[in-house]
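Okay, thanks everyone, let's get going.

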Amino acid sequence: MTQNWQQLAEGYQDQYLADLKALIAIPSVRDDDNATDQYPLGEGPAKALQQFLAFGERDGFVTKNLDNLAGYIEYGEGDETLAILSHVDVMPAGAGWDTDPFQLTVKDGIAYGRGTSDDKGPGLAAYYGLKMLKDANIKPNIKIRLILGTDEESQWTGMTHYFEVEPAPTFGFSPDAEFPLINGEKGMASFITTFGTTNGGDVELVSFDSGLRENMVPRDAESTLKTTNAEAISEQFETFVAANEIEGESELSADGINLHVVGKAAHGMEPRNGVNSGTYLATFLNQLGLQGDANSFVSFIADKLHDDSRANKLGTNYTDDIMGDLTMNVGIMKFDQEAGGFINTNFRYPKGIGPKEIMAALEKAVTALNGSVKQISEKVPHYVDPQDPIVQTLINVYREQTGIADAEPEVVGGGTYGRLMKRGVAFGALFPWTEDSMHQANEFQPVADLTKAMAIYGQAIHDLALQ
């Protein structure tokens, strides 16, 4: 049966936007501080999962909620399973929004809201691709499951639970990245570097706070200093801000000064797309003659991490011909006089280098500073042969739907659920012509892009499930 997938998608656009509005309204950030037996990752992710599954129930699909950690919407039968892996959790909103991040706002054809691009908008577009098949009474030859996780932006607890209690899919894709198609993902490893609490001198670091998540370039950084030289530091800070690609402000206090730097948030897979407020603030503080562990904290950031997304200063810079550069994001930086210093670095690495080499470089860098390093996570590189039928089918659908005949698969630094399957890839929904706003303030997707993604997913699911 030949379908005009674009025309079908346009007919569903209003209902799609109504459903997206309901999803965006749920602030589904993982919240371990308020976790309960009923809501193991906090109420928000569970409520978003329940809402998504309610769409499936409304439309006559088989659905299942797996302990408010994951769930699926199912269509068709068969020994093989095509999986579409999406997630309902979102990053913290952060500052800098022009609209309410948890209210879908459509202006001049652009949909704004946390999750419009990552991943509520794309995941829902894939759902509507599946719904188009069902509504047209197209019967697949295999089982299709849209599987929903609840903490892709952190520890993948939800999707890990799914794979523990349900059979592994045969093959599939994740609508959680970009078009045309991603058949390779770099490895990922995160490390924590800690320092002690010693301080003192003419300028004393009382506190330092920057970053929300390890996979997000920090937009804001703040520090409090105890000093009798506050006015001079304020002038020095003003000069520093003017000379760099940041904004900043200072506020004198009774016993010192408070500093605030504003950079630009971005997805941690490519730190060059952002401006790291935390490393800029540490670089400024490194000029002030701090002492003890406070000095070690800021000097390590300034001398080894600042403005160096390829980790040249650490000596772990590496490039693979297929997977590209190793990248480093400095996601979270904190210091206080009771807990000391804390720095979270997230590395995306190609085949040919790994956490062992990164760990050795970090340890070497902090030895003289009395710091310590611990690895906290790892995901190995993932690659699917470009000649695999799933790659060929999906890239051909994309070419047909967009008219871009020379589109080819690519390898990226992002990590998606696609890597959980041996024959798993990432497929949309960010188009090459649209700015990447994932993990940033004012996250958005053009409505036309989301509708086009619906059409692509409709044909993709059809071609994969009926071949």
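Predicted model: local features only at pLDDT ≥ 70, side-chain atom pairs only at ≥ 80, totals over all residues.

Residues are numbered from 1 along each chain as its sequence is written, and side-chain values use heavy atoms, with hydrogens and water left out.

Back to isoleucine 84. Across in strand 6, the residue opposite isoleucine 84 is leucine 146. Helices (H or I, at least four residues) and strands (E, at least two) are DSSP runs here, numbered from the N terminus, and two strands pair if DSSP finds at least two bridges between them. Strand 3 and strand 6 (residues 143-149) run parallel, with seven bridges. Strand 3 is also parallel to strand 7 (residues 171-174), through three bridges.

How many of the seven residues of strand 3 are buried? Seven of the seven in strand 3 (residues 81-87), so the rest of the structure largely encloses it. Buried means under 20% relative accessible area, exposed means over 50%, and partly exposed is in between, using a 1.4 Å probe and protein chains only. In a regular strand, side chains alternate between the two faces of the sheet. In strand 3 both faces are covered: Thr81, Ala83, Leu85 and His87 are buried on one side, and Leu82, Ile84 and Ser86 on the other.

Next, the cores. A nonpolar core is a set of buried Ala, Val, Leu, Ile, Met, Phe, Trp, Tyr and Cys residues joined through side-chain atoms within 4.5 Å. The largest one has 62 residues, and Phe52 and Phe427 have the most contacts inside it. Helix 11 (residues 447-466) gives the largest share of this core, eleven residues. There's another core apart from it, with 50 residues, including Ile257 and Leu369.

What does phenylalanine 52 contact, leaving aside its neighbours within four places in sequence? With contact meaning heavy atoms within 4.5 Å, the list for phenylalanine 52 is Leu23, Ile73, Val88, Gly123, Leu124, Tyr127, Leu146 and Leu148. Phenylalanine 55 is in helix 3 (residues 43-58) and counts as buried, because its relative accessibility is 4%. Not counting residues up to four places away in sequence, phenylalanine 55 touches Asp19, Ala22, Leu23, Leu124 and Tyr127.

On to the rings. Rings of Phe, Tyr and Trp (its six-membered ring) pair if their centres lie within 6.5 Å; planes under 30 degrees apart are stacked, over 60 edge-to-face, and the rest tilted. That rule gives 26 aromatic pairs. One of them is phenylalanine 191 with phenylalanine 347, edge-to-face, at 5.7 Å centre to centre and 85° between the planes. This pair links distant parts of the chain, strand 10 (residues 187-195) and strand 20 (residues 340-349), with the two phenylalanines 156 residues apart. Phenylalanine 191 and phenylalanine 347 are both buried.

Then there's a stacked pair, phenylalanine 431 and tryptophan 433, at 4.6 Å centre to centre and 10° between the planes.

Last stop, helix 7. Nine of its nine residues are buried. Threonine 279 lies in helix 7 (residues 277-285), and it's buried because its relative accessible area is 3%. Its side chain makes a polar contact of 2.9 Å with that of histidine 306. A polar contact is a pair of N or O atoms within 3.5 Å; within protein, one must be able to donate a hydrogen and the other to accept it, and residues adjacent in sequence count only if both atoms are side-chain atoms. At the N-terminal end of helix 7, asparagine 276 is the cap, with a side-chain oxygen 3.0 Å from the backbone nitrogen of glycine 278.
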